[in-house]
Structures are given as C-alpha cells and as structure tokens.
Amino acid sequence: MKELFRSLPSVEALLRAARNIFADVPHTVLADACRKFQDTLREEIRTGAVTDPADLDVKIILPRLAHIISDSERPNLRRVINGAGVVVHTNLGRSVLAEEARQAVLLAASGYTNLEFDLETGERGSRTSLVEGLLCELTGAEAAVVVNNNASAVLLLLDTLCKGGEAVLSRGQLVEIGGSFRIPDVMARSGAALREVGTTNRTHLSDYEEALNESTRAVLWVHPSNYRVIGFHSSVPPEELAALAHAHGLPMLEDLGSGSLFDFSAWGLHDEPAVPEVIKAGIDVVTFSGDKVLGGPQAGIIVGKKEYIDRMKKNQLLRALRCDKLTLAALEATLRLYRDPERARKAIPTLRRMTALPAELEARAGELAARLGQTLSGHAECGLKADFSRVGGGAFPEQGMPTTLVCIRPSRITASELRERLLSSDPPLVGRLDRDMFQIDPRTVEEDEYALAESSLKQAFGI
C-alpha cells in the first residue's frame with residue numbers, strides 16, 4: 001500500500017495533464033477537480049480497488065479525470081428529449097416556444113429595448129403595454145396585466161380586490177396543484193379571508209347567496225385542474241355565479257389555471273373553457289398561465305374589466321411580481337401567432353403536438369422504430385403499440401390523445417437499467433417504462449430529434 005501511495009500522481013501532475021485538454025476551464029476549477037480526484041484515488045487504494053502502481057499512471061487515469069471535469073462543466077439546465085408523450089410536461093419545462101418566440105427572445109437579449117420607454121413621447125413607458133393590446137384583442141377583455149406566473153396572478157388579484165375581506169369559494173374547489181400551490185394558502189397570504197360554501201361534492205347557488213355579507217369582496221371560481229369529482233356531485237356554472245355577484249355589486253373572479261386561446265374540440269379535446277368564452281360569460285377578472293396550453297413562456301396573465309385591472313396596476317406588489325423583457329418578448333410573439341388560429345396551430349409546438357393526428361403519429365413511430373431497430377440490432381428489439389398521450393399541465397386530465405408508441409425491449413439489461421442509463425446520456429432521453437419495455441411517444445419527439453434519441457440509446461447500450 002505504501003508503494004501505491006508513493007505512485008499516486010501529485011495534484012500538479014494531474015493539473016498539467018488536464019490543462020492540455022481543458023484550456024478554457026478556469027484554473028481554480030481544474031485544481032479543485034484534481035484534488036477531489038486524488039482523494040478518490042486514495043480511497044480506492046485504501047479499499048483495495050487499486051492494487052497495481054501501473055494503474056496510477058497519469059496517462060492511464062487521465063480519461064477518468066477528463067470525464068469528471070467534463071461532467072462538472074455541463075450546464076445544470078440541459079436539453080432533454082421528451083419521449084414520454086406528455087405535451088405540457090411540468091418537470092421538463094412545460095411548453096416549448098415557437099420559433100417566432102425564440103427569435104424574439106434572442107432579439108431582446110442581444111441589445112437594448114424599449115421595455116419601459118415610450119418611443120412616441122420619449123418618456124418613461126409601461127412594460128405592461130407591450131402585450132396588453134394583444135391580450136384584449138384575443139380575449140375580448142377591456143384590460144390586461146402580466147406577472148411572472150399564475151400563482152402570482154392569483155395573489156395579486158386577491159391582494160388587490162379582496163384584502164381585508166372575504167372571498168366566497170366552493171369547498172369542491174379548494175385544490176392543491178403541482179408544486180404545493182394551495183388556493184387556501186395563497187388566499188391567506190393575500191390577506192383575504194376564505195368563506196367556504198357547499199360540500200366537497202355538491203354546491204348550490206343558494207350556498208353562495210347565504211354566504212354573502214358586508215365583508216364579502218368577491219365571488220371566486222377556481223378551475224379544478226387535474227382534480228375531478230365524479231358521481232353524485234353538482235356545482236354552479238360560473239355565468240350563474242357572475243349574475244349573483246353582479247346583483248350584489250360584487251366582482252366575479254375566475255382562476256382558469258391552464259387557460260386556452262384555441263378551440264381544441266375538433267381534435268376530440270373538450271370541457272376546457274377558452275378565455276374568450278369565459279369573458280363573454282360575464283366574468284370580471286380571469287387569471288391563467290402563459291406556459292401551459294397557451295404554449296408561451298412562464299407567465300401569469302390577468303384579463304378583465306378595466307376598473308379592476310387598473311387597481312392591480314397600482315398595487316405595489318406588482319413590481320415584485322412583474323415579468324422581465326425576455327418573457328414579455330416571447331409572450332408577445334406567441335400572442336401574435338394567435339391572430340391566425342391555423343398559423344398558431346402549426347407554429348406553436350404545444351398546439352401542433354396536441355392536434356397531431358393518430359395516422360401521422362403511427363407513421364412517425366414506424367419510421368423511428370425501423371431506424372432504432374437497425375441501430376440496436378443484437379441489443380434490443382423494437383416494436384409498436386397503440387396507446388394514449390397526455391396534455392399535461394393540469395389540462396384535459398381525463399382525455400387521452402391516441403398515439404403509437406415505439407417499444408424497446410433490451411436483451412442484455414433490464415428496461416429499468418436502460419431508463420437509468422438514458423438519464424445519464426447526452427442528451428438525456430426520458431420515456432415511459434412498462435414492465436420489460438422502454439417506450440417512446442413520437443408526439444413529443446420532433447423528427448429532427450430522432451438522431452439525438454438514437455445517439456442517446458447508442459450511449460446507453462455502449463454501441
């Protein structure tokens with residue numbers, strides 16, 4: 001063991017070798033990696049993992065060190081191939097931006113902009129005005145304001161209109177969605193008191209009416225997202241609640257969660273109200289996300305009556321919740337596409353993937369399976385299976401979209417081992433695991449990503 005420790009390369013020797021490969025990596029980063037690697041080698045000597053001094057030669061161990069440094073230099077936020085078939089995958093960054101939105105972000109990031117500068121007057125302007133006109137045009141609302149996500153939108157809404165009073169809400173809508181976003185907790189933070197009415201499964205108009213009092217500030221409706229009560233249940237339609245609220249001089253507020261500007265009914269997706277429909281129904285203020293079914297960047301969008309939106313614009317909380325120029329650039333470009341619904345459907349990846357036809361997906365799955373079958377010959381069998389994709393993001397939770405999966409059955413390792421290896425590949429490939437098969441849904445894998453998926457699988461199988 002003493003001989004092995006004497007053969008251990010010095011940090012300086014490791015550093016000289018590493019510099020020849022990683023000339024652009026800062027010296028401190030390389031030195032730290034070399035010290036940690038030397039500690040690893042010491043531990044391997046102590047445990048008997050290394051027994052031959054020749055195995056400690058710098059030329060022999062350099063590939064290991066290079067791999068460690070390469071891993072440490074990889075960005076933490078990385079591109080991932082989404083083969084899971086969940087279009088708005090919350091854990092994978094939700095919606096993918098349209099090319100027009102990506103170009104808008106690049107433009108905004110590459111130089112100065114008129115973010116808060118009025119080009120007509122030469123005076124200070126408002127960043128809200130950059131997208132307000134488009135939102136009013138597309139939704140039919142009188143005014144609009146944008147914040148950094150829908151949770152912020154709900155917080156600003158309640159803090160402005162309900163603080164110090166009560167908001168009436170059905171017990172069946174006291175939901176918690178992904179990331180521990182709980183409606184009752186957000187209401188408490190806003191300073192508004194929650195007045196629960198009805199029961200979990202049944203709430204009647206009379207329940208709301210009996211709850212109204214001098215402390216009531218608004219009636220609130222919350223879209224249940226991916227939560228549903230089925231069987232013996234009933235709820236009051238928002239338009240009926242709006243009539244009740246207005247009869248008592250109160251605003252009717254609705255949190256849509258994953259709001260949509262597109263009609264998906266022609267593709268078999270129903271029961272998710274579009275924002276323009278909600279505004280037409282008499283709702284005074286509506287909040288929804290920009291990065292879910294809308295297909296844009298993460299943002300919380302608030303549209304509705306001007307008198308209420310103007311009050312929110314004056315709330316000091318808005319400054320803490322406002323969007324930056326990159327988000328606004330992406331959102332504006334996305335909204336402009338919606339002026340032509342068919343153009344939006346083709347250009348916005350979320351819409352394009354949600355409206356992909358089963359025959360198209362079957363053909364693409366067949367193409368990918370044939371390609372992978374040839375590449376993975378001797379390592380895995382590739383086949384096809386009819387199944388369903390999911391929208392994700394809390395939208396259309398009970399409605400699957402027909403698809404065809406590419407099924408990979410490894411011959412020398414388990415499907416679970418394949419999945420683990422694919423998470424370590426470059427780029428990582430995420431898919432579905434079904435017993436002895438790893439499955440890829442072409443709905444969320446573009447054709448120009450096939451080569452990347454193939455490369456990830458080759459890495460995983462060591463081909």
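In which loop is the place of Arg94? The structure is a predicted model, in which local features need pLDDT of at least 70 and side-chain atom pairs count only at pLDDT 80 or more, whereas totals for chains, interfaces and linings use all residues. Residues are numbered from 1 along each chain as its sequence is written, and side-chain values use heavy atoms, with hydrogens and water left out.

Arg94 is placed in the loop between strand E2 (86-88) and H5, where helices (H or I, at least four residues) and strands (E, at least two) are DSSP runs numbered from the N terminus. The phi of Arg94 is near 60°, a positive value in a residue other than glycine. Most residues other than glycine have a negative phi, and most peptide bonds are trans. Arg94 counts as partly exposed because its relative accessibility is 23%; buried means under 20% relative accessible area, exposed over 50%, and partly exposed in between (1.4 Å probe, protein chains only).

Arg94 is also among the residues nearest the centre of the largest pocket, together with Leu92, Gly93, Ser95 and Val96, out of 29 residues in its lining. Helix H5 (99-110) and helix H16 (349-354) are the elements that give two or more residues to this lining, and H16 gives the most, with three residues. About 870 Å³ of space lies in the largest pocket. A pocket is here an open set of points on a 1 Å grid over the protein atoms alone, where a 1.4 Å probe fits, with protein on both sides within 12 Å along at least five of seven lines, and lining residues have an atom within 4 Å of a point.

Seven strands form an open sheet with mixed pairing, in the order E3-E11-E10-E9-E8-E4-E7; two strands pair if DSSP finds at least two bridges between them. Strand E3 (143-147) and strand E7 (193-197) stand at the edges with a single partner strand each, so one side of each is left without a neighbour in the sheet. The twist from one strand to the next averages 25°. Within the sheet, strand E8 (residues 216-222) and strand E9 (residues 252-257) run parallel and are joined by four bridges, and Val222 has Asp255 as its bridge partner in E9. Helix H12 (residues 306-313) lies across E3, strand E10 (285-289) and strand E11 (300-304), running at about 35° to E3; axes are lines fitted to C-alpha atoms, for helices over the stretch in contact (heavy atoms within 4.5 Å), and angles run from 0 to 180 degrees between N-to-C directions.

Asp434 lies in strand E15 (residues 432-434) and counts as buried because its relative accessibility is 15%. Its side chain makes a polar contact of 3.3 Å with the side chain of Arg435, and Asp434 touches Lys385 and Gln439, residues up to four places away in sequence not being counted. Arg435 is placed in the loop between E15 and strand E16 (437-440), is exposed with a relative accessible area of 69%, and has a phi near 55°, a positive value in a residue other than glycine. A cis peptide bond, with omega about 0°, joins Asp426 and Pro427, and Pro427 is found in the loop between helix H18 (415-423) and strand E14 (429-430).

Definitions and conventions
Polar contact = N/O pair within 3.5 Å; in protein donor to acceptor, adjacent residues only side chain to side chain. Points joined across faces, edges and corners; volume = space filled by probe spheres on them.
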